[in-house]
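These are my notebook entries on a structure that I looked up. I recorded salt bridges, a cavity and a surface patch in turn.

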Amino acid sequence: PVGVEPFVDVSVDAVRVPPGAVLLGEPVRLGVTVRNRSAEAPADCNLQVELAGKPKGEASLRLAGGARETQEFTLVATDPQAAAGVARKRIDRLPENDVRYFVLPVLSRLHVLLVRGGGARGGAFYVARALSPASGSRSPLVLSEVESVRLGNRDLAGVQVVVVAADALLG
């Protein structure tokens, strides 16, 4: 007798990473979407996530025919640079869709520029204190300040966040 064997293909469709860079040592959520391309047959899927060549998470899923599911992983980057990552599953009949690569930019510290007005009064003082706590504590923020009238392109080099105080005059 001749029979048709059910074709089961589970694909790794997408990897969702947070926009922009993440801070070193801070947990970050990552979503991996898989889909069972067979309309009828259920399929098992073992997902694995690596970051910088190190295993960071694993999950076992059971997908109904035609089902699509997103599995969430929480990762912590341990190297202060952009890290290449991979989400993969066990190879099946169509290996081309079993792996997805991603990049997770990692910062050791976040550089913040506070643009303030020229006077000593105003909210900029309190914003600066909030962004730069006591000097004895280890903060992931590196704060630099500039008066709005002196703001130039060089002040923006290497800065990830710009905070404009209410008393700053721009333009």
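I found Ala52 partly exposed, with a relative accessible area of 38%; buried means under 20%, exposed over 50% and partly exposed in between, with a 1.4 Å probe and protein chains only. The model is a predicted one, in which local features need pLDDT of at least 70 and side-chain atom pairs count only at pLDDT 80 or more, while totals for chains, interfaces and linings use all residues. Residues are numbered from 1 along each chain as its sequence is written, and side-chain values use heavy atoms, with hydrogens and water left out.

I placed Ala52 in the loop between β4 (43-51) and β5 (54-63); strands are DSSP runs (E, at least two residues) numbered from the N terminus. Ala52 is a residue other than glycine, yet its phi is positive, near 55°.

I then searched the whole structure for cavities and noted 1 of 30 Å³ or more. A cavity is a set of points on a 1 Å grid over the protein atoms alone where a 1.4 Å probe fits but cannot get out, and lining residues have an atom within 4 Å of a point. The largest cavity has a volume of about 50 Å³, the volume being the space filled by probe spheres set on the points. Ala52, Lys54 and Asp79 are among the residues of its lining.

**Salt bridges**

I counted 12 salt bridges, each a side-chain nitrogen of Lys or Arg within 4 Å of a carboxyl oxygen of Asp or Glu.

Asp79 and Lys54 form one, with their closest N and O atoms 3.9 Å apart. This pair links distant parts of the chain, 25 residues apart: Asp79 is in the loop between β6 (68-76) and β7 (83-89), and Lys54 is in strand β5. I recorded Asp79 as partly exposed at 27%, and Lys54 as partly exposed at 38%.

Arg116 also forms a salt bridge with Glu147, the closest N and O atoms being 3.9 Å apart. Arg116 lies in strand β10 (residues 110-116) and Glu147 in strand β11 (residues 141-147), so the pair ties together parts that are 31 residues apart in sequence. I noted a network as well, in which salt bridges that share partners join Asp13, Arg35, Arg37 and Arg68.

**Surface patch**

I listed Leu151, Leu156, Val162 and Val164 as a nonpolar surface patch; its members have over 30% relative accessible area and no salt bridge, and nonpolar side chains are joined within 5 Å. Val162, in strand β12 (residues 161-164), is partly exposed at 42%.

Methods
1 Å grid on protein atoms, 1.4 Å probe; cavity = no way out; pocket = protein on both sides within 12 Å on 5 of 7 lines; lining within 4 Å. Patch = residues over 30% accessible without salt bridge, like charges linked within 9 Å, V, L, I, M, F, W, Y side chains within 5 Å. Areas by Shrake-Rupley, 256 points an atom, 1.4 Å probe, with all protein chains shown as cover. Helix = DSSP H or I, 4+ residues; strand = E, 2+ residues; numbered from the N terminus.
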